[in-house]
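Have the picture open while you read.

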Amino acid sequence: MEPTIDRILISENALRDRVAALAEEIAATYRDADGGIAIVTVLAGSIVFLADLIRRLPMRMRVGLAMVSSYAGPTRVSEGAVLRSWSLPDVAGLDVLIVDDIVDTGGTLRVVQRAVAGLDPRSVRTAVLLRKVAKAPADVSVDFVGFDIEDVFVVGYGLDYDGVYRNLPYVAVLADGGPGPRPVS
Ligand code: PRP
C-alpha cells in the first residue's frame, strides 16, 4: 500500500522565502562571472527547485541536465548512485553550479561532481534545497543549502516516493517520519 503524507515539513511560504535568499547568495557569489555560468541540474527531483531558483538569478546561464538514479521503485533505502546520461553545454572554463533537491548519502552528488570536474570547468559549486545533516559525507562539498533536515523520508516540491508526490507545493514527511527542518543561516 502506498504510504500517506504524515505532515508538512516545509510550507510553500517557507520554501519561497528560502529560495529567494539562496538566489541572492548565489547571485552575489557569481557577480563577476562575466561569461555567465553553467547550471547542471540533477533530474528529476530538482525540477521544481531549479525552476524557482533560476527565475531569481539574474546572470547569463546555460542549463544542462544530468540523469542520476539512486532510489529504484518503492524503496526508501538508497541503492547506490549511477550516472545514467547527461546533456550538457560546453562547461570548459566556465563556473558550474550543480543543483539538486537533496543530499542524503551524498552518492548522487559525488558522481556528478566528479564527472563535472573532469570537464575542465573554471569552478564547481553545488546548491541543494535539503541536506540530511546526519548523513551527508564530508567529501561531498555543498556550497548553498536551503534547509538542514533530520533523517526522514521527504516528498513534494520535486521529491518523489516511487514516482509520485513530486507535484506537492510543499515538502512533506511520509507516514512514519521524524522531526522538523532547521533553516541554514
Ligand atoms: C534522489 C534525490 C537526489 C538523491 C539524493 O534522487 O533527488 O538526487 O536521491 O540521495 P543521495 O544523496 O543518497 O544520493 P533519485 O535517485 O531518487 O532520483 P529522482 O531525482 O529522479 O527522484
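## A helix with a hidden side

Let's start with helix α3, which spans residues 107–117: its buried residues are Gly107, Thr108, Leu109, Val112, Gln113, Ala115 and Val116. Keep in mind that this is a predicted model.

So what covers the buried residues of α3? The cover includes β2, β3 (61–69), β4 (82–87), β5 and β6.

## The whole chain

Now zoom out. The protein chain has three helices and ten strands. Reading from the N terminus, the elements go β-α-β-α-β-β-β-α-β-β-β-β-β.

The protein chain is 185 residues long, and 45% of them count as buried. Take the contacts between residues at least 6 apart in sequence: 70% of these join residues that are at least 24 apart.

In soluble globular proteins, nonpolar side chains tend to get buried together. Here, the largest nonpolar core contains 32 residues. Which of them have the most contacts inside it? They are Ile26, Leu53, Leu97, Leu129, Leu130, Val154 and Val171. At least two residues of this core come from each of β1 (5–10), α1 (12–29), β2 (37–43), α2 (47–54), β5 (95–103), β6 (123–132), β7 (144–149) and β9 (171–174). The element that gives the most to this core is α1, with six residues.

Let's pick out Ile26. If you skip its neighbours within four places in sequence, Ile26 is in contact with Leu53, Leu57, Met59, Leu97, Ala127 and Phe144. There's also another core, lying apart from the largest one. This other core has 17 residues, including Ala66, Leu94, Val103 and Val142.

## How α1 meets α2

Next up is a pair of helices. The axes of α1 and α2 are 9 Å apart, and the two helices pack at an angle of about 60°.

Which residues make the contact? On the α1 side they are Val19, Leu22, Ala23 and Ile26, while α2 brings Phe49, Asp52 and Leu53. Sort the residues of this contact by type and you get six nonpolar, no polar and one charged.

Technical notes. Residues are numbered from 1 along each chain as its sequence is written. This is a predicted model: local features need pLDDT of at least 70, side-chain atom pairs count only at pLDDT 80 or more; totals for chains, interfaces and linings use all residues. Side-chain values use heavy atoms; hydrogens and water are left out. A nonpolar core is a set of buried Ala, Val, Leu, Ile, Met, Phe, Trp, Tyr and Cys residues joined through side-chain atoms within 4.5 Å. Buried means under 20% relative accessible area, exposed over 50%, partly exposed in between (1.4 Å probe, protein chains only). Helices (H or I, at least four residues) and strands (E, at least two) are DSSP runs, numbered from the N terminus. Contact means heavy atoms within 4.5 Å. Axes are lines fitted to C-alpha atoms, for helices over the stretch in contact, and angles run from 0 to 180 degrees between N-to-C directions. Ala, Val, Leu, Ile, Met, Phe, Trp, Tyr, Cys and Pro count as nonpolar, Asp, Glu, Lys and Arg as charged, and the others, Gly among them, as polar.
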